[in-house]
Amino acid sequence: MDINKLVRKNVQQLTPYQSARRIGGQGDVWLNANEYPVAPHFELTEQTLNRYPEPQPEKVIQRYAQYAGVKTEQVLVSRGADEAIELLMRAFCEPQHDSILYCPPTYGMYQVSAETLGIKTKTVPTTSDWQLDLEGIKQNIDTVKLIYVCSPNNPTGNLIDSDDIKALLNIAKDRALVIIDEAYIEFSPESSVVSWLNDYPHLVILRTLSKAFALAGLRCGFTIANKPVIEALQKVIAPYPLATPVADIAAQALSKDGVNTMKLHVVNLNNQKGKFANLLRQLPIVEKVYPSYSNYLCVKFQHDKDVFNILWHQGIILRDQSRSIGQQNIIRITIGTQADCEAVISALKTIK
Ligand SMILES: *Cc1c(COP(=O)(O)O)cnc(C)c1O
């Protein structure tokens, strides 16, 4: 029996998200998933594993709302920001009929989630400086319910111009939600659009504990939006999205101490990023190091150098971007420890 014949057509055709873990590799320098390079330490305090967890753990919601400067009714917690990306589609898009719109090069999960659910995708590539093509978006907005914008953008590391985001919100008014994916916002907190929530009922912000909070393994993310959006998402989310140990650790990470620790990490990491970028710029094989407002650098190498594979075989695992639109000869490198960065620089120096 050919089970594949039973699989939904769109799933048969689906290319799953090429996560860093799925791509694999062997090595001791892992700079391909924008993870924080050092594991934080937590102890479990909650032992009542015989009971189901709270659907939306109160302490986590309260602490995140306080950290983000919003009301508790404006926060939803989910199994990573990735789950939130999909919940929005499940709550707002009619399969086969409605579309989402996104602007490549950008995060890959918008496409994968839409294709999984049978929701159409419209892509409006960014301008050559990786900003929004507002005119192109305007022309493609028919049937669009959700517009995903990532800022700081993964993989390019730049911020999306805030006036353009405002213009986009005006274009989308009465038509679509505008979702600003702020997975990396802790590395440039002044650029968050969270303070605009009261002015725009159709603004949605995605956040995560996976990046600056150093908890990618926890699987905990947040949606910040006005109450009607949060209520719609509550209808489609799993009954118990967060395991008890996850909520326990998330609450600790969001305590005053936890947030202060995160902020210290961000200062150190941003320093490390500056030093690393300067060293990269001195290498002849490096054509360009793009400005980064996140915890990774987008680096363009000379076109005839097989940098990604050479480092891969030395156990230094980076993220090859060269098959993405407008990303030829570009590699995305997560900022690791000082030792990680030094390993990259030494390996690059041997490439002639
Ligand atoms: C890492 C990442 C996410 C996913 O975050 P999780 O909370 O780990 O699911 C979402 N958006 C962007 C842009 C990311 O880079």
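User: What makes C150 count as buried or exposed in this model?

Analyst: In this predicted model, C150 has a relative accessible area of 4%. Buried means under 20%, so C150 is buried.

User: How many disulfides does the structure hold, and what is the nearest cysteine sulfur to that of C150?

Analyst: The structure holds zero disulfides. For C150, the nearest cysteine sulfur is that of C103, 11 Å away. A disulfide requires two cysteine sulfur atoms within 2.5 Å, so C150 is in no disulfide.

User: Why are helix α3 and helix α9 described by the direction word they receive?

Analyst: The axes of α3 (residues 58-68) and α9 (residues 244-253) come within 9 Å and cross at roughly 30 degrees. Angles under 35 degrees count as roughly parallel, so α3 is roughly parallel to α9. The crossing of these two helices is left-handed.

User: Which residues meet where α3 and α9 are in contact, and what classes do they have?

Analyst: From α3, the residues K59, V60 and R63 meet A247, A250, A251 and Q252 of α9. By class, this contact has four nonpolar residues, one polar and two charged.

Methods: Residues are numbered from 1 along each chain as its sequence is written. This is a predicted model: local features need pLDDT of at least 70, side-chain atom pairs count only at pLDDT 80 or more; totals for chains, interfaces and linings use all residues. Side-chain values use heavy atoms; hydrogens and water are left out. Axes are lines fitted to C-alpha atoms, for helices over the stretch in contact, and angles run from 0 to 180 degrees between N-to-C directions. Helices (H or I, at least four residues) and strands (E, at least two) are DSSP runs, numbered from the N terminus. Angles under 35 degrees count as roughly parallel, over 145 as roughly antiparallel, 65 to 115 as roughly perpendicular and the rest as oblique. A crossing is left-handed if the near helix is turned anticlockwise from the far one by less than a right angle, and right-handed if clockwise. Contact means heavy atoms within 4.5 Å. Ala, Val, Leu, Ile, Met, Phe, Trp, Tyr, Cys and Pro count as nonpolar, Asp, Glu, Lys and Arg as charged, and the others, Gly among them, as polar. Buried means under 20% relative accessible area, exposed over 50%, partly exposed in between (1.4 Å probe, protein chains only).
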